[in-house]
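This report goes through selected local features of one protein model. Please look at the sequence and the structure before reading on.

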Amino acid sequence: MAHLIIFTNNFPFGNGETFLETEIFYLADYFTAIHIFPLYYGKSITARAIPANTSYSEPFFKIDVVTNRMGLLAAGLANNGPVRFAIKEGFNSKVISTFKHLKTYLSETFITRHLLSATNRKKIESVIKENSILYFYWGDKSSGIVPFLRKKYKNPIVARFHNSDLYEEIKKGYLPYRTELLKSLSSAVFIAGNGEEYLKNRYNKVSFQSHVFRLGVNQVSGSTTKNDDVFRIVSCSYVVPIKRIDLIIDALNTLNFKIEWTHIGGGPLLEYIKEKSKTLKDNITPHFLGHVSNKEVLQFYMNNYIDLFLNVSASEGIPVSIMEAISAGIPVIATDVGGTSEVIDQSFGRLIDKKFSANYLGKLIFEFYSKSSNERLMMRKAAGSYWDTKFNANRNYTDFAMFLKNLEQH
């Protein structure tokens, strides 16, 4: 059996990359051993549960590479990593066209140089065996070293593309080193067909192998007991500008029936959202659970009857939060961005334009509220059925593990 090496942002540290908490156990069944190289700790220095045949290194950075700009600058400059690749990219006119582009360029460059410093490169190469398959969980940050590894190794190298590591508009239209990365991969893997189409169109002059392997979640036994006439709505996301949680408040304020709205997730804008929620009318009761573990999210769906799930994000890869909601039989309204349309079917949900109005969303919520008990039951069954067909973790992660395993033979 082959050996798998995974490059992550934080996992098994931090509290993000929750999808890997499920995926890693499927991968472990198909590989003799797995080794994980996290980039930095993230929000937690405590390692999460991993399979017995899985090991991990301490992160390459002891700082948060996203927020600690000065620390990243120091680590990126004070090392003996390569320079020529950065100079070549530096002549790209996009690098200096805006300050945002320059920040993205420098961030990606400093991460790559740090990982390719003599000490870190030796650490990486000491783990690579003849039968190793290299799996970069993201299409940015750590994957900057792929072109350099390709020059030395013939091993299969795969990168998975999601959202902010894929859609360049999120980074004001620029992500550096894309062409070199795509040319060096054995396969670019996408979590949604929309993402594959996007990158192939954007880099139509670059020939690269691609596959779509959707993420998956285990089924949640959602509560089926409703004891009152309160309409319960849930949203679940990190509270940052791109998630636009404030728009949910605007929409709820257009409604006059009893609603309990629960938002699951923490983030830098949480206190602002709590403050804004004080403007909600008396018929709306908000609850903010803050950051909770993925296990606690699923437990919440099991213990509480939820009438509707909302996602009003301005950008998505393919939302795992919606997969979890539909596995629990919860109907959904979500913005038609990224691969969200691949998670929702008309039988249980509605897609809305990214530029929706509060009144329009309010009318749609009222439409769901007005459905008969039989119609609601049919929607809940349809949601669960759609999850089973498209986002069943057992099927999706088994298929992906087999795909990675089979790369050993090519």
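The model is predicted: local features need pLDDT of at least 70, side-chain atom pairs count only at pLDDT 80 or more, and totals for chains, interfaces and linings use all residues. Residues are numbered from 1 along each chain as its sequence is written, and side-chain values use heavy atoms, with hydrogens and water left out.

**Salt bridges**

The structure holds 18 salt bridges, where a salt bridge is a side-chain nitrogen of Lys or Arg within 4 Å of a carboxyl oxygen of Asp or Glu. The table lists some of them.

| Pair | N to O distance |
|---|---|
| E169 and R202 | 3.5 Å |
| E342 and R214 | 3.3 Å |
| E260 and R232 | 3.5 Å |

E169 sits in the loop between β5 and α7, and R202 in helix α8 (residues 193-202), so this pair links distant parts of the chain, 33 residues apart. Helices (H or I, at least four residues) and strands (E, at least two) are DSSP runs, numbered from the N terminus. E169 is partly exposed at 46% relative accessibility, and R202 is also partly exposed, at 33%. Here buried means under 20% relative accessible area, exposed over 50%, and partly exposed in between (1.4 Å probe, protein chains only).

E342 counts as buried at 14% relative accessibility, whereas R214 is partly exposed at 25%.

The relative accessible area of E260 is 24%, which makes E260 partly exposed. Elsewhere, salt bridges that share partners join R121, E125 and K152 into one network.

**Backbone exceptions**

Most residues other than glycine have a negative phi, and most peptide bonds are trans. K172 has a positive phi, near 60°, and lies in the loop between β5 (157-161) and α7 (178-184). R244 has a positive phi near 55° and is found in the loop between β8 (231-236) and α9 (245-252). K172 is exposed, at 56% relative accessibility, while R244 is buried, at 16%. The peptide bond between F11 and P12 is cis, with omega about 10°; P12 is in the loop between β1 (3-8) and α1.

**Helix pair and surface patch**

How do the axes of α1 and α15 cross, and at what angle? Helix α1 (residues 18-28) and helix α15 (residues 393-406) have axes that come within 9 Å and cross at roughly 55°. Axes are lines fitted to C-alpha atoms, for helices over the stretch in contact, and angles run from 0 to 180 degrees between N-to-C directions. The two helices are therefore oblique to each other (under 35 degrees is roughly parallel, over 145 roughly antiparallel, 65 to 115 roughly perpendicular, the rest oblique).

D29, in the loop between α1 and β2 (33-38), is exposed at 58% relative accessible area. D29 and A401 are 372 residues apart in sequence and 8.4 Å apart in space, C-alpha to C-alpha.

M70, L73 and L77 make a nonpolar surface patch of about 300 Å². Patches consist of residues with over 30% relative accessible area and no salt bridge, with like charges joined within 9 Å and nonpolar side chains (Val, Leu, Ile, Met, Phe, Trp, Tyr) within 5 Å; areas come from the Shrake-Rupley method with a 1.4 Å probe, and for residues only the protein chains shown count as cover. L73 lies in helix α2 (residues 69-77).
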